[in-house]
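The exercises below each set a task on one part of a protein chain and then work through a solution step by step. Please keep the sequence and the coordinates at hand while reading.

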Amino acid sequence: AISSNAMKSMITLTLLGLLGSAAAQADGNPHNWDRLRRCDHTDYDPPCGPCEGIGGIPTGDENDQITLTSCSVVANASDVPSPVAPQWGEQWSVDPYYEVLIGKKTDPFCFSVIPSNDSVGELCYRPDFGAQYYDVGGESGALRFDLNSKTVVGNITSKIIHQDTNFWIVNKFPWYALGVSQCICSQVREGGAAGNKLMSPVNPDWTKQMFYIGRETIGIEYTGTEQTLDHWAFGPHHLWSTPDEGEIIRMWQPFNGLQIFPEGTNRVPQDQALFETPPPECKKEGGALFRIKCSDEGYPQSEEEAAAAVTQADKLRAEEPVPRAQYKGDDFNHMSQVLNGWIQDGDAETRPCDEWSTEELQQLQAMIYLAREASFDDIYQSVGDNRRMRKDFDSIQSDWDALTAQLSTASDDHVAHKIRRDGHCHEAVMWWVHHLTADIKKLFADAGVVVPLLSLAPHAEPHDGADDHHKAAYGVYQEQVTCSSCHAAY
């Protein structure tokens, strides 16, 4: 489950763990990656040579779930007696910048991707692009990313600033969230694990530990070009730099990510206005609509301080197993009318169920899932309450995709589409009412987020001669329309 008050999983952490464990082959290479995808400078016999450990654009954990880059050997290390060492620098900027961020999967959307020092378990592979500004050797001592991330719930634009041990992420949500902004105040721990030491931005001198592998002509992802570059490695970390000036063009670490600097780094003093901390969006006064784990001044809160934001009224409502009389109806139709009345009396704008598409409802549900208060579901799960989340979001999305594929061959006017839409309306309303805190619902309403109303008429069980489309949609509908078990007196 996603922890914290709201949308904690939206974190867009983009540190690539450049100083991770050098002897990571000790993790046993659990995904059985070959020497093209992974070849650590240590613990490999024979040692890695040119055009090994080159990587590419990965999409999954299987060894073949990667588009390997091209590579041909120009010279072995022994043939280049005095290679120019790679230069990282103290102040620079890169625009455009491309990456595929890799880290352990800790949330269903792969938003909270924190590179780790081993490759054990299921991993996330998230492509980003944008700009990077590095001022760790300058006045601010900070690192900033401006990124666009393609996610399963839409494109997210993010501003990320890392200064000392403080980490700020300012996200702008997709179009269906009306461009709402969010700030997450956090601190980064080594490997992303609680209790590990806090991390500051990567040191400007980190490249001094690299070992020379050789010279190669290698493909540079996202540019459609090949360049002749020097290959350096330290543990699982590989980089490629220009032979004449040591300008870093490409970096690869098989369980941290791919980074592309198409034109190298522009090593010049940086505009200090880029590194304003805390970011204005993270402060209570004039800040973003959503502020997660942020103090009024915009600094990271402790877990205890953040948890205190859930009101006692919200907790009591979650712990109340049976709805009160004013929330009940005599039958399905009456129940839906009663509950629709309460929804319309709320702060959010509403729209009848038949004015929504299934895709719109799924996007709304994805946003609600991101914003849900996980402690409510803990209460529901502990007693088998019908308000509980029946599955994790990976499974929910998989079920949605499977039904979409099955209904793709049904005619546009087939009843299965209406059944499916109505089921989503009921499920979306249940999530809205029972999985969001009152303050988050108010924030959504103030931002203009629209909520569906319940369909008024129930769908009958398909008759024996009904086709598979009808039966499949109804089977899912039964799982989604659970409110009648408590809110209807029949």
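This is a predicted model: local features need pLDDT of at least 70, side-chain atom pairs count only at pLDDT 80 or more; totals for chains, interfaces and linings use all residues.

**Exercise 1: the packing of α4 and α6**

Find at what angle helix α4 and helix α6 pack, and classify the residues of their contact as nonpolar, polar or charged.

Solution. Helix α4 spans residues 358–371 and helix α6 spans residues 393–407; their axes are 12 Å apart and the angle at which they pack is about 175 degrees. Since angles over 145 degrees count as roughly antiparallel, α4 is roughly antiparallel to α6. On the α4 side, the contact is made by Gln362, Gln365, Ala366 and Tyr369, while α6 contributes Phe393, Ile396 and Trp400. Sorting these residues gives five nonpolar, two polar and no charged.

**Exercise 2: the buried face of α8**

Identify which residues are buried in helix α8 (residues 438–446), and explain why they line one face of the helix.

Solution. The buried residues of α8 are Ile440, Lys441, Phe444 and Ala445. Viewed down the axis of α8, these buried residues fall within an arc of 140 degrees, so they line one face of the helix. Continuing just past α8, one reaches Gly448, which takes a positive phi of about 95 degrees.

**Exercise 3: Asp64 and the chain as a whole**

Locate Asp64 relative to β1 and β2, and state what share of the chain is buried.

Solution. Asp64 belongs to the loop between β1 (56–58) and β2 (66–68), and with a relative accessibility of 64% it counts as exposed. Asp64 and Trp33 are separated by 31 residues in sequence, and their C-alpha atoms are 8.5 Å apart in space. For the whole chain, buried residues make up 53% of the 490 residues, and the secondary structure comprises ten helices and 17 strands. Of the contacts with a separation of 6 or more, 64% are between residues 24 or more positions apart.

Methods. Residues are numbered from 1 along each chain as its sequence is written. Side-chain values use heavy atoms; hydrogens and water are left out. Axes are lines fitted to C-alpha atoms, for helices over the stretch in contact, and angles run from 0 to 180 degrees between N-to-C directions. Helices (H or I, at least four residues) and strands (E, at least two) are DSSP runs, numbered from the N terminus. Angles under 35 degrees count as roughly parallel, over 145 as roughly antiparallel, 65 to 115 as roughly perpendicular and the rest as oblique. Contact means heavy atoms within 4.5 Å. Ala, Val, Leu, Ile, Met, Phe, Trp, Tyr, Cys and Pro count as nonpolar, Asp, Glu, Lys and Arg as charged, and the others, Gly among them, as polar. Buried means under 20% relative accessible area, exposed over 50%, partly exposed in between (1.4 Å probe, protein chains only). The arc is that of the directions from the helix axis to the C-beta atoms.
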